[in-house]
Amino acid sequence: MHAWNNAVKLAFEPLANADKALQMQAYMRNRFQFYGIQSTPRRAVLKPLFTKERLPEVDDLPMIVRELWSLPQREFQMVAVDLLIHRKKQLPDTFFDEVEWLITTKSWWDTVDLLASHIVGTLYLQHNDRSLYYIGHWRSSDNMWLRRCALLYQLKFKQQTDTGLLFEIIKENQSDNAFFIQKAIGWSLRELSKTNAKAVISFIHQQNMQGLAKREGLKWLSQHEIG
């Protein structure tokens with residue numbers, strides 16, 4: 001095991017809580033094992049490992065992250081995501097292959113959504129040509145989580161959102177009634193509505209959007225009595 005990962009493991013073991021582990025496992029539909037360490041204490045105990053002096057080199061990240069992904073407790077995968085977020089601006093365009101593997105391995109919303117909005121979003125802004133190649137494949141993939149990522153990677157873009165591209169991807173996925181796709185459609189529209197309410201209202205109307213996607217898409221506007 002890489003020394004950095006071993007330090008993570010040694011920090012986690014004294015904090016293991018069997019009762020909380022069962023609660024967290026149930027919340028995640030029994031898909032993963034847990035130590036029972038919630039996000040605040042998890043980040044607190046690892047704070048020394050996230051200092052400039054102890055953060056791993058960017059070249060070592062693929063090996064470190066894949067090793068963390070292979071470990072059974074879900075907290076290790078969340079540490080891997082936190083590590084990538086800390087290094088997101090230094091990631092090369094070649095990291096898209098790694099991101100695709102992470103999205104499609106041990107897939108669930110807790111890792112996929114952070115990878116989409118932080119890692120893929122940053123890679124898109126820094127390596128646009130390369131990212132458009134991958135987004136082009138993901139948006140029509142048979143893998144639901146890749147399509148969810150294609151819907152969500154612009155979540156934090158605000159005025160920088162490529163509205164036309166987002167609307168195209170939504171149209172391609174609108175007929176998929178899977179909860180995680182409909183939720184992603186609504187979430188992406190909700191975030192866009194904060195900076196471009198008119199476009200969102202018009203798009204939802206034009207597409208005759210219904211159900212979960214519509215409710216989520218209009219939630220922020222309804223709360224602020226806009227539209």
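Colleague: What makes Glu 98 count as buried in this predicted model?

Modeller: Its relative accessibility is 18%, and buried means under 20%, so Glu 98 is classed as buried.

Colleague: Why is the contact of Arg 66 with Glu 98 called a salt bridge?

Modeller: The closest N and O atoms are 2.9 Å apart. The cut-off is within 4 Å, so the pair qualifies.

Colleague: Why is Arg 66 called partly exposed?

Modeller: Arg 66 has 33% relative accessibility.

Colleague: What else does Arg 66 contact?

Modeller: Arg 66 lies over the face of Trp 101, at 4.1 Å from the ring centre. The distance limit is within 6 Å.

Colleague: What makes Asp 82 and Arg 43 a salt bridge?

Modeller: Their N to O distance is 3.1 Å, and the limit is within 4 Å, so the pair counts. Asp 82 is in helix α5 and Arg 43 in helix α3, so parts 39 residues apart in sequence are tied together. Asp 82 is buried at 8% relative accessibility, whereas Arg 43 is partly exposed at 44%.

Colleague: Why is the aromatic pair of Tyr 35 and Phe 76 called edge-to-face?

Modeller: The planes are 70° apart, and over 60 counts as edge-to-face, so the term applies. The centres are 5.6 Å apart, against a limit of within 6.5 Å. Both Tyr 35 and Phe 76 are buried.

Conventions. Residues are numbered from 1 along each chain as its sequence is written. This is a predicted model: local features need pLDDT of at least 70, side-chain atom pairs count only at pLDDT 80 or more; totals for chains, interfaces and linings use all residues. Side-chain values use heavy atoms; hydrogens and water are left out. Rings of Phe, Tyr and Trp (its six-membered ring) pair if their centres lie within 6.5 Å; planes under 30 degrees apart count as stacked, over 60 as edge-to-face and the rest as tilted. Buried means under 20% relative accessible area, exposed over 50%, partly exposed in between (1.4 Å probe, protein chains only). A charge sits over a ring if NZ of Lys or CZ of Arg is within 6 Å of the ring centre and within 35 degrees of the ring normal. A salt bridge is a side-chain nitrogen of Lys or Arg within 4 Å of a carboxyl oxygen of Asp or Glu. Helices (H or I, at least four residues) and strands (E, at least two) are DSSP runs, numbered from the N terminus.
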